[in-house]
Amino acid sequence: MAENNVILSVKDLEVKFKVRDRVLTAIRNISLDFIEHQVVAIVGESGSGKSVFTKTFTGMLDMNGEVTHGEIWFEGRNLMDIKTDKGWEEIRGRKIATVFQDPMTSLNPVRTIGYQISEVIMKHQKKSSEEAKKEAIELMGRVGIQNPEQRYDEYPFMFSGGMRQRIVIAIALACHPKILICDEPTTALDVTIQAQIIRLIKDLAKEYDFTTIYITHDLGVVANVADAVAVMYAGQIIEYGSVEDVFYDSRHPYTWGLLSSLPQLGMKGEKLFAIRGTPPSLFEEIKGDAFAPRSEYSMKIDFEKEPPIFRISDTHWAKTWLLDPRAPKVEPPEAIRSLHQRMIGLTSKGGVYGE
Amino acid sequence: MANNDREVLVKVKNVDITFFNGKRPFKAVKNANFEIYKGETFGLVGESGSGKTTIGRAIIRLNQISGGEIWYKDLRIDGKLSKKDRQYVVRNIQMIFQDPAASLNERATIDYCISEGLYNFHLYKDEEERVRKVDEALNSVGLLPEHKSRYPHEFSGGQRQRVGIARAMIMEPELIIADEPISALDVSIRAQVLNLMNKFKEERGLSYMFIAHDLSVVRYFADRIAVIHNGNIVEIAPSVELFRNPLHPYTHSLLQAVPIPDPQIEKNKTIQQYVETEAEQNYDKAELVEILPEHFVLMTENEREGYERKAAALK
Ligand SMILES: Nc1ncnc2c1ncn2[C@@H]1O[C@H](COP(=O)(O)OP(=O)(O)OP(=O)(O)O)[C@@H](O)[C@H]1O
Ligand SMILES: [Mg+2]
């Protein structure tokens, strides 16, 4: 078991956007291998580049955006060689599918649910309309729509938000993708519905054998879904590791900040930790470690030179000068050293609620 | 009871709120009963459509109630009020909204946005006093006087939410109803806003009703929590007690569903589907019973024994 096949490999990726007469650098030299069958969560605050990064895998950047440097290897070819929309059609939706936050943006309001699913099946699997309908109904049942035969002819507005998201997932699965990108798929949903959708995506990943890239800013969701976590800040991945590495042994001051400011870690009568300041403007050139001006641990070098990747183990690396052997030893904040203890204290019966 | 020495700020008594979709009535809130004490943060937690915002809006008189009573101290505030009493309520109970962008007038300067309540109720002697009050309010939320001439869209989400808080604080209210004040904000900014709200509670004895869908945030912030589902308040307890000993099955399922940022806990949890209790289905036969000290659960007479057994097992 546990063969670590790389399914998608990103090398030195840089993405820029033209905004009137200015240039914004959204992705600044990211290299990352995605391992087959893993769930990789990408976290980071708004504007850090999570969506832009993954949109490059399916050629879906907005018109004013461009990959200015780098390679994306998938099934033996560099996707950056694809120059036409037609070329991307072989990949987008077929090999790499995306589920977005707002299901309505992916559904056509004037077409029935059934039509929209079977259309994809017919197009990608060259099946007759009879066969496609049969498979669509099967898929609807599989994603948890009750009485799929009856609901086949209904329109998107007749479904609740959670049900619509199930339909979008069914459409994404209709062509058996190798990679499913979930971009904040449950952010707009209630917690109990969110829990169901998360469970569904996990079950389907096993059944349909796809690799999941899960974008979210909710660290609770990350803890639930992820095998590996990539933490993004100002267009870079600043820490990457197994979910345990990142929650229990994080190394980058930004990751520390993110974890420390969790309201769940708050103690009554104590102030919550808050990261000071704001992220840097991506219109300006960023010197050194982008997080340095907000960090409580920055050293002189952080303002001068970009930190390289420091490896902590086979599964874990971080881009911070604190890991350089010459750096002074610093301990992560107390709150996150005792994260597991505090979280257990939050819940009854050692973290489990139940009868 | 231990509560006798605490001053009741707001009393919600047997409140029903009914909406009409066309001709069909829809009861959004069913027989709600709770009190908010002076100086406390009262959390109201439920999923979308459960009725939490509806109750909050009824307290600030934006929604009419179809049954029951709402009291602010000695004044009954549901229904018709004299102009003087209306002003009294607006001054003392202010609301902060979920979406900082939508709650501010985009075409007005920050100065105007913050002063609006002062203008409406002539709560200042002269221009000098108004300016001083605005500067103080800005300062208290960590913004600068030079921000006054700017417009809301020139601010980040976190800054706009601060403007929303300043706008409420300038009225020097006793109670703030905060409707999901941090849901629209980035993780790193949430902590700043929560700290700010806590500061006002400590410094000025302000009370809050904190409406949220995320129990984990409320746990840190609230002193007591009420859980609402389908218009029924199913459980009320001090925050620590609610997390330690949830008794109503809906509270259980909500606690299970909220993802905890800890992989060991999350990867091992199972989620039970909530099935509506008898009390929820027959809310006219149900009442909130104090099953443990200060810990209330919505139940019918039939269900009572079961809850009593559960509560006894905890001791
Ligand atoms: N079409 C565009 N034109 C100009 N700038 C853009 C465009 N699309 C994205 N950007 C910028 O690229 C950066 C990264 O954006 P991205 O949408 O990837 O962030 P994100 O991490 O997904 O944020 P969120 O959590 O808010 O979804 C931001 O500064 C954003 O403003
Ligand atoms: Mg995004």
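Predicted model: local features only at pLDDT ≥ 70, side-chain atom pairs only at ≥ 80, totals over all residues.
## A salt-bridge network in chain B

Lys125(B), Glu129(B), Arg132(B) and Glu136(B) are joined to one another in a network of salt bridges. Side chains of opposite charge can pair when their charged atoms come close.

Among the salt bridges is one between Lys73(B) and Glu174(B), whose closest N and O atoms are 2.5 Å apart. Lys73(B) sits in the loop between strand S4 (67–72) and strand S5 (75–76) of chain B, while Glu174(B) belongs to the loop between helix H5 (157–169) and strand S7 (175–179) of chain B, so the bridge ties together parts that are 101 residues apart in sequence.

The two partners fall into separate accessibility classes: Lys73(B), at 30% relative accessibility, counts as partly exposed, whereas Glu174(B), at 15%, counts as buried, because buried here means under 20% relative accessible area.

## Helices H3 and H4

The side chains of Asp111(B) and Arg130(B) also meet in a salt bridge, with an N to O distance of 3.2 Å. Asp111(B) lies in helix H3 (residues 110–121) of chain B and Arg130(B) in helix H4 (residues 127–140) of chain B, so this pair ties together parts that are 19 residues apart in sequence. Arg130(B) is buried, with a relative accessible area of 4%.

The helices that carry this pair pack against each other, H3(B) and H4(B) being set at an angle of about 120 degrees with their axes 10 Å apart, and H3(B) passes H4(B) in a right-handed crossing. On the side of H3(B), the contact is made by Ile110(B), Asp111(B), Ile114(B), Ser115(B), Leu118(B) and Tyr119(B), and on the side of H4(B) by Arg130(B), Lys133(B), Val134(B), Ala137(B) and Leu138(B).

## A pair within helix H12

Arg304(B) forms a salt bridge with Glu301(B), and the closest N and O atoms of this pair are 3.9 Å apart, where the cut-off for a salt bridge is within 4 Å. Both residues belong to helix H12 (residues 301–314) of chain B, in which they are three residues apart and therefore separated by about one helical turn.

As for accessibility, Arg304(B) counts as partly exposed at 28% relative accessibility, whereas Glu301(B), at 58%, counts as exposed.

Terms used
Residues numbered from 1 in each chain as written. Chains lettered and ligands numbered in written order. Heavy atoms only, no water. Helix = DSSP H or I, 4+ residues; strand = E, 2+ residues; numbered from the N terminus. Buried < 20%, exposed > 50% of the residue type's maximum accessible area, 1.4 Å probe, protein only. Axes fitted to C-alpha atoms, helices over the stretch in contact; angles between N-to-C directions. Left-handed = near helix turned anticlockwise from the far one by under 90°. Contact = heavy atoms within 4.5 Å.
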